[in-house]
Amino acid sequence: MPSLIYAPVFALLVFEMALFVSLIIPMPFTMKRKLFTFISSSPLVAKVQYGMKITFIFILILFIDSVNRVYRVQVELGQAKNQGGAAAAAAGSERMEVQARKFYSQRNMYLCGFTLFLSLILNRTYTMILDVLRLEEEVKRLHGDKPAGDKSQQKLSDAGNIGEIGRLKEELKKRDRDIDVLKKQSNGLSEEYKRMGDNFHVSDGTPKKDR
């Protein structure tokens with residue numbers, strides 16, 4: 001059963017290693033910009049990232065459990081060393097079993113630990129590459145080179161904002177638009193109220209006040 005649990009973790013570690021290699025492979029600027037623009041604007045990638053966050057939470061739980069198991073095995077080995085005489089001879093096979101459990105616990109701990117650590121490295125590498133792409137785009141623009149287009153520049157600027165951050169930004173933009181609409185409606189109602197007040201004074205025979 002434990003091997004079935006940690007087999008997907010190992011597969012995820014291999015996938016992270018392949019993804020890291022693909023990120024650091026030298027590529028032309030245009031190709032890399034298109035790749036990261038696709039990653040930043042793809043809804044499928046956003047869903048995969050959300051699922052990966054949940055997966056890493058489970059891996060963190062497995063890592064904590066494996067650390068706890070290693071500690072308990074260390075305690076059992078310490079107790080076995082303190083035994084002497086016939087008791088130590090009788091506990092020889094049990095001690096071998098404890099050492100085997102120690103090996104598997106340490107393996108699981110390292111596996112989960114490296115998977116979590118590499119996920120942090122991938123996130124940081126992705127952010128740094130995005131920053132480099134934005135700087136290169138800005139340098140090309142300042143040097144007078146032909147820009148890639150406003151749409152491509154906007155997507156590159158918004159890269160890395162997929163998922164929860166991107167959703168929050170979209171909600172803020174929507175609220176700003178709603179506030180602008182309410183302001184326009186308020187101004188329209190105010191103008192209508194003034195016009196109706198002026199018409200009322202005129203129809204009542206009351207002269208309008210000088211402004």
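**Figure 1. Overview of the predicted chain.** The secondary structure of the protein chain comprises 7 helices and 0 strands, where helices (H or I, at least four residues) and strands (E, at least two) are DSSP runs numbered from the N terminus. This is a predicted model, in which local features need pLDDT of at least 70 and side-chain atom pairs count only at pLDDT 80 or more, while totals for chains, interfaces and linings use all residues. Residues are numbered from 1 along each chain as its sequence is written, and side-chain values use heavy atoms, with hydrogens and water left out. Of the 211 residues of the protein chain, 21% count as buried; buried means under 20% relative accessible area, exposed over 50%, and partly exposed in between (1.4 Å probe, protein chains only). Residues 24 or more positions apart account for 80% of the contacts (heavy atoms within 4.5 Å) with a separation of 6 or more in the protein chain.

Figure 2. An unreviewed UniProt entry lists residues 6–29, 50–71 and 108–126 under "transmembrane region"; UniProt positions are given in the numbering used here, feature names are shortened, and annotations may be inferred rather than shown by experiment. Residues 50–71 are 100% helix and 0% strand, with end C-alpha atoms 32 Å apart. Residues 108–126 are likewise 100% helix and 0% strand, and their end C-alpha atoms lie 27 Å apart.

**Figure 3. The largest nonpolar core.** A nonpolar core is a set of buried Ala, Val, Leu, Ile, Met, Phe, Trp, Tyr and Cys residues joined through side-chain atoms within 4.5 Å. The largest one has 10 residues, among them Tyr6, Leu13, Phe56, Ile59, Leu111 and Leu116. Helices α1 (2–24), α3 and α5 (92–142) are the elements that each give two or more residues to this core. Leaving out residues up to four places away in sequence, Leu116 touches Phe56, Ile59, Leu60 and Phe63.

**Figure 4. Surroundings of Glu16.** Glu16 is located in helix α1 and counts as buried because its relative accessibility is 2%. Apart from neighbours within four places in sequence, Glu16 contacts Phe56, Thr115, Leu118, Ser119 and Leu122. Glu16 and Leu118 are separated by 102 residues in sequence, yet their C-alpha atoms are 7.0 Å apart.

**Figure 5. Surroundings of Ser105.** Ser105 belongs to helix α5 and is buried, with a relative accessible area of 9%. Not counting residues up to four places away in sequence, Ser105 touches Ser66, Arg69, Val70 and Val73.

**Figure 6. Salt bridges.** A salt bridge is a side-chain nitrogen of Lys or Arg within 4 Å of a carboxyl oxygen of Asp or Glu, and the count by this rule is 2. Asp65 pairs with Arg69, their closest N and O atoms being 2.9 Å apart. These two residues are separated by about one helical turn, because Asp65 and Arg69 are 4 residues apart in helix α3. Asp65 is partly exposed at 27% relative accessibility, as is Arg69 at 41%. Asp131 forms a salt bridge with Arg134, with the closest N and O atoms 3.1 Å apart. Both Asp131 and Arg134 lie in helix α5, 3 residues apart. Asp131 is partly exposed at 36% relative accessible area, and Arg134 is partly exposed at 26%.
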